[in-house]
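Student: I would like to go through this structure with you. Can we take it one question at a time?

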Amino acid sequence: RQRYVEKDGKCNVQHGNVRETYRYLTDIFTTLVDLKWRFSLLIFILAYALTWLFFGLIWWVIAYSRGDLEHLGDHTWTPCVNNLNGFVSAFLFSIETETTIGYGHRVITDTCPEGIVLLLLQAILGSMVNAFMVGCMFVKISQPNKRAETLVFSSHAVVSLRDDRLCLMFRVGDLRDSHIVEASIRAKLIQSKQTQEGEFIPLDQTDLSVGFETGDDRLFLVSPLIISHEIDERSPFWDVSRGQLERDDFEIVVILEGMVEAT
């Protein structure tokens, strides 16, 4: 049976026929975070490599236009950048400038105003690239689905009597010592539905009460807890028999939300 949400929490939904793809570029940060790791690492490498190449080319153009490359052995000539003798050395100087390595071999002189302006631009742009890419990687590493690996749900849900009331129950537990603060839980019944007017809704979502009225949906998840949905007149399972329950095609999605106290 094809699932709507996989057991690991991933939604088994693929978007097709998306025409307004420019909307992904308007929110470029979230788009980069949502990319697969191989694409994120590729963009991470290209962002730095292209920036170094771009400014290395400009440093080489400045040296070439000033005539520094024609006076390499002339000690009376003051170049824009000392010991810059070609594109490779300009590229290395670009890396040293943006990463603030400073080996001390190639250094800018004070007789080159265009070089000073370029140095300021590269320092500012390099800081922006660092903030953007490092922030993107940090958010991607600390995504909630990694924390969810240590949240364990019971393999099966059961329908049984509890306090003389028929209830749908399952268990959830946290394996880590660091607790989830303000944890809350909710459940959705996903099932095809046909309205009284004849409209067919393929993936209709219905709330399953797990204690919203009484506050039982707010969890103190220190030890494993049993989550209970009472099958009463308000429940979508009220008119469903056991045989129909086994034949019907539906899915129950449980959503646990909260904040990790460590982060």
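Tutor: What follows is a set of questions and answers on helices, a surface patch and salt bridges.

Tutor: This is a predicted model, where local features need pLDDT of at least 70, side-chain atom pairs count only at pLDDT 80 or more, and totals for chains, interfaces and linings use all residues. Residues are numbered from 1 along each chain as its sequence is written, and side-chain values use heavy atoms, with hydrogens and water left out.

Student: Which residues does UniProt list for "transmembrane region"?

Tutor: The listing comes from an unreviewed UniProt entry. UniProt positions are given in the numbering used here, feature names are shortened, and annotations may be inferred rather than shown by experiment. The entry lists residues 39–62 and 116–139.

Student: How far apart are the end C-alpha atoms of residues 116–139?

Tutor: In the model, this span is 100% helix and 0% strand. Helices (H or I, at least four residues) and strands (E, at least two) are DSSP runs, numbered from the N terminus. The end C-alpha atoms of residues 116–139 lie 35 Å apart.

Student: And how far apart are the end C-alpha atoms over residues 39–62?

Tutor: Over residues 39–62 the chain is 100% helix, with 0% strand. The distance between the end C-alpha atoms is 34 Å.

Student: What distance does helix H5 reach from its first C-alpha to its last?

Tutor: H5 covers residues 113–141, which is 29 residues. The expected span of a helix is 1.5 Å times one less than its number of residues. For H5 the expected value is 42 Å, and the helix comes close to it. Its reach is 42 Å.

Student: Which helices do the buried residues of H5 pack against?

Tutor: Buried means under 20% relative accessible area, exposed over 50%, and partly exposed in between (1.4 Å probe, protein chains only). The buried residues of H5 include Gly 115, Leu 118, Gln 122 and Lys 140. They pack against helix H2 (28–34), helix H3 (37–66) and helix H4 (87–98).

Student: Is Thr 97 buried or exposed?

Tutor: Thr 97 lies in helix H4. What covers the buried residues of H4 includes H3 and H5. Thr 97 has a relative accessible area of 15%, so the residue counts as buried.

Student: Which residues is Thr 97 in contact with, leaving aside its neighbours within four places in sequence?

Tutor: Contact means heavy atoms within 4.5 Å. Thr 97 and Gln 122 are 25 residues apart in sequence, but 7.7 Å apart in space, C-alpha to C-alpha. With those neighbours set aside, Thr 97 is in contact with Leu 119 and Gln 122.

Student: Which helix supplies the largest share of the nonpolar patch?

Tutor: The nonpolar surface patch is about 760 Å². Patches are made of residues with over 30% relative accessible area and no salt bridge: like charges are joined within 9 Å, nonpolar side chains (Val, Leu, Ile, Met, Phe, Trp, Tyr) within 5 Å. H3 and H4 each supply at least two residues. The largest share, 6 residues, comes from H3.

Student: Why does Phe 87 count as partly exposed?

Tutor: Phe 87 is one of the patch residues. Phe 87 lies in helix H4. The residue counts as partly exposed because its relative accessibility is 35%.

Student: How many salt bridges does the structure hold?

Tutor: A salt bridge is a side-chain nitrogen of Lys or Arg within 4 Å of a carboxyl oxygen of Asp or Glu. By that definition, the number in the structure is 10.

Student: Which residues are linked with Glu 114 in a network of salt bridges?

Tutor: The side chains of Glu 114 and Arg 66 meet in a salt bridge, 3.8 Å from N to O. The pair links helix H5 and helix H3, 48 residues apart. The residues linked with Glu 114 in the network are Arg 66 and Asp 68.

Student: Which strands hold Glu 257 and Arg 186?

Tutor: Glu 257 forms a salt bridge with Arg 186, the closest N and O atoms being 3.4 Å apart. The pair ties together parts that are 71 residues apart in sequence. Glu 257 lies in strand S8 and Arg 186 in strand S4.

Notes:
Areas by Shrake-Rupley, 256 points an atom, 1.4 Å probe, with all protein chains shown as cover.
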